[in-house]
Amino acid sequence: MVGAFVLVNVKVEQSTVARRVSCRGIGLHRGDEVEIALSPAEPDSGIVFVVHPEANATPVEIPARVASVLSSSRATSLTDGRGTTVSTVEHLLATLYVLGVDNVRVEVHGTEIPMMDGSALPFVEWVRSAGRVAQRRPRIAYDVVRPIEFKDGERSIRVEPHPVLRISYAIDFDHPSIGRQSLELPSVDETRFEREIAGARTFGFEHEIDSLRAAGLAIGGSFENALVLSDQGVLNTSGLRWPDEFVRHKVIDLLGDLCLLGGRLNGHIQVERGGHSLHHRLVHGLLAQMDLLVPVSRHGELPPSMGAGRLQSLA
Ligand SMILES: [Zn+2]
């Protein structure tokens, strides 16, 4: 079955949210208040953004797949290829990935996902508030069968076979508040994500703000939704949530970008000085070489104990 594209794991069913929930927040780039909502979706439909760029515009569907990526610069932006975009999707996608929501419609009244507090933690509570239901359809999961690596100067990303998703992430900034930080996650589960990763905020440098704003970006950025660094240190008076909050945030970004694979990945991902563009290269690379991936299980049937056509609450 090497090279097979339809990959199934009989142990775990797909799931969707149990009910519609909405929330509001400020978008980082335009600075507008944006409303988003999660709604249940059919099995095998994946995560789909339903974008309403203007109040009366016809909504546009953009699947959360790497083929939809428009930009990897600073954040992940997706496009339908015909001019409609949705930006800063990665913190919500990381949360959906870790909380096991495979199929969901994400309505966006605007063109970006709200920044909330710059972390994924508000999304964890929000997604949980929607409840989760299993869908009697095997979850798509991939095992990596041999290593693949991409390099860009001192930056690199690699994945090698491992029974579960394991992440080793390192960053290296010549800055007194960051320096070299590395994080090892032997596995990724909801509890560990909530306690150790989700609360880490996005960060940016004071000296970049003027040029970003001149380009019409980061208008909504503030100390409320990002860590801002001067040359000397962190400017937020509240300080850091962890001394290595920066590398923890990079793990959120990686998980959000990994969601664009369209299935779960079992493998050991090792990243050196990574960012969105390297994350996207890995996902593209895996999908371009499907012989690197094999089914978690080759059986397509669910065990009879799961019950035909019955929704099981996971929440
Ligand atoms: Zn981020």
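I started at Arg136, which comes out as partly exposed because its relative accessibility is 27%. (Buried means under 20% relative accessible area, exposed over 50%, partly exposed in between, with a 1.4 Å probe and protein chains only.) Arg136 sits in strand β10. I looked up its phi and found a positive value near 45°, in a residue other than glycine.

A note to myself on the source: this is a predicted model, where local features need pLDDT of at least 70 and side-chain atom pairs count only at pLDDT 80 or more, while totals for chains, interfaces and linings use all residues. Residues are numbered from 1 along each chain as its sequence is written, and side-chain values use heavy atoms, with hydrogens and water left out.

**Strand β10**

I stayed in β10, which covers residues 132-139. (Strands are DSSP runs of E, at least two residues; helices are runs of H or I, at least four; both are numbered from the N terminus.) Gln135 is in this strand too, and at 11% relative accessibility it counts as buried. What does the side chain of Gln135 reach? I found the backbone oxygen of Ala41, at 2.8 Å. (A polar contact is a pair of N or O atoms within 3.5 Å; within protein, one must be able to donate a hydrogen and the other to accept it, and residues adjacent in sequence count only if both atoms are side-chain atoms.)

Val133 is another β10 residue, buried at 14% relative accessibility. I also checked Val133 against Asn236: they are 103 residues apart in sequence, and their C-alpha atoms are 39 Å apart in space.

**Met116**

Met116 is not a glycine, yet I read a positive phi of about 50° for it. I placed Met116 in the loop between β9 (104-109) and α2. Its relative accessibility is 26%, so I logged Met116 as partly exposed.

Next I took helix α1 (residues 90-98). Nine of its nine residues are buried, so α1 is largely enclosed by the rest of the structure. The buried set runs Glu90, His91, Leu92, Leu93, Ala94, Thr95, Leu96, Tyr97 and Val98. After α1 comes Gly100, with a positive phi near 80°.

How do α1 and α2 (residues 121-129) pack, and at what angle? I get about 50°, with the axes 9 Å apart. (Axes are lines fitted to C-alpha atoms, for helices over the stretch in contact, and angles run from 0 to 180 degrees between N-to-C directions.) That makes α1 oblique to α2. (Angles under 35 degrees count as roughly parallel, over 145 as roughly antiparallel, 65 to 115 as roughly perpendicular and the rest as oblique.) The crossing is right-handed. (Right-handed means the near helix is turned clockwise from the far one by less than a right angle, left-handed anticlockwise.)

From α1, His91, Leu92, Thr95 and Leu96 meet Phe123, Val124, Trp126 and Val127 of α2.

**α5 and its partners**

I then moved to α5 (residues 245-258). Helix α3 (residues 190-197) packs on α5 at about 140°, with the axes 10 Å apart. That makes α3 oblique to α5. On the α3 side I listed Phe193, Glu196 and Ile197, which meet Arg248, Val251, Ile252 and Leu255 in α5. This contact has five nonpolar, no polar and two charged residues.

With α6 (residues 276-288), α5 packs at about 35° and the axes are 9 Å apart. The two pass in a right-handed crossing. Lys250, Asp253, Leu254, Asp257 and Leu258 in α5 meet His276, His279, His280 and Val283 in α6. The classes here are three nonpolar, three polar and three charged.

**Two loop residues**

Is Ala200 buried or exposed? Its relative accessible area is 0%, so it is buried. Ala200 is in the loop between α3 and β16 (203-205). Skipping residues up to four places away in sequence, I found that Ala200 touches Gly118, Ser119, Trp242, Glu245, Arg248, His249 and Ile252.

Last, I looked up Asp244, in the loop between β17 (227-229) and α5. Asp244 is buried, with a relative accessible area of 17%. Beyond its neighbours within four places in sequence, Asp244 is in contact with Gln181 and Leu183.

Notes. Contact means heavy atoms within 4.5 Å. Ala, Val, Leu, Ile, Met, Phe, Trp, Tyr, Cys and Pro count as nonpolar, Asp, Glu, Lys and Arg as charged, and the others, Gly among them, as polar.
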